[in-house]
Amino acid sequence: MKNIKKILALMLVLCMAMAFTGCVSTSGTSSSSTAKIEISEEEQNPDMSSYTNDFAGIVDYLTVCEVLAGEGEEMAHDFIGAVNGAKFSYKYEGTTVTCEIYEFDTENLNEKAEETIASVKENGTFSALHENVEAVLSDSDKFLMVYRNSDDEKDDVQKAFTERTMEKFTSFVGK
């Protein structure tokens, strides 16, 4: 009986690890896009008040700002206390960008959400499956982003794109 419990616990941990890292088969359902950094001033700064202050609103806003592309793949989100989450993978200037966005119910935070938000505010990371994951909070603390660019030694174009993505994400406040 003890061995069965240990095996079940191990299987649960493995399932959570796979859900967290997004190890899901993408058999052609995920779209890949190439964003452009050279866009018009109007497109760079759309009016945030025309977007809802929820998960769909921030995704739409970041897509219009051309810092997010593709179809989001739903992610496990309750392990950090979020109410919604998706992973976006796309190409930018030949580099693969992965962006996970999570939404918190700031009116009704559970203990795990409070812990995650506090950790990201203090350290810029949160703990998941015994690993520290770098993350950024929006200024309102309603959204969390895990951003990865496969080009570890980013050139100036990649650095500018990352900075623009962070600025658009952190400053978002919908209506």
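**Close-up 1. Strands β2 and β3 pair in the antiparallel sense.** Nine-residue strand β3 spans residues 95-103, and β2 (residues 84-92) is joined to β3 by 9 bridges in the antiparallel sense. Strands are DSSP runs of type E with at least two residues, helices are runs of H or I with at least four, and both are numbered from the N terminus; two strands pair if DSSP finds at least two bridges between them. F88 has C99 in β3 as its bridge partner. The two strands form a hairpin with 2 residues between them, and E93 in the turn has a positive phi of about 50°. The model is predicted: local features need pLDDT of at least 70, side-chain atom pairs count only at pLDDT 80 or more, and totals for chains, interfaces and linings use all residues. Residues are numbered from 1 along each chain as its sequence is written, and side-chain values use heavy atoms, with hydrogens and water left out.

**Close-up 2. Strand β3 also runs antiparallel to β7.** The strands β3 and β7 are joined by 7 bridges. T98 has R148 in β7 as its bridge partner. Of the 9 residues of β3, 8 are buried, where buried means under 20% relative accessible area, exposed over 50% and partly exposed in between (1.4 Å probe, protein chains only).

**Close-up 3. Y51, Y61, F143 and F172 form one aromatic cluster.** The structure holds 4 aromatic pairs; rings of Phe, Tyr and Trp (its six-membered ring) pair if their centres lie within 6.5 Å, and planes under 30 degrees apart count as stacked, over 60 as edge-to-face and the rest as tilted. Y51 and Y61 are edge-to-face, at 5.5 Å centre to centre and 70° between the planes. Because Y51 lies in the loop between α2 (41-44) and α3 (55-64) and Y61 in helix α3, this pair ties together parts 10 residues apart in sequence. Y51 counts as buried at 13% relative accessibility, and Y61 is buried at 3%. The ring centres of F143 and F172 are 5.8 Å apart with planes at 65°, so this pair is edge-to-face. F143 lies in strand β7 (residues 143-149) and F172 in the segment after α5 (156-171), so the pair ties together parts 29 residues apart in sequence. Both F143 and F172 are buried.

**Close-up 4. T170 lies in helix α5.** T170 counts as buried at 19% relative accessibility. Leaving aside neighbours within four places in sequence, T170 is in contact (heavy atoms within 4.5 Å) with V136, L137, S138 and D139. The C-alpha atoms of T170 and V136, 34 residues apart along the chain, are separated by 7.6 Å.
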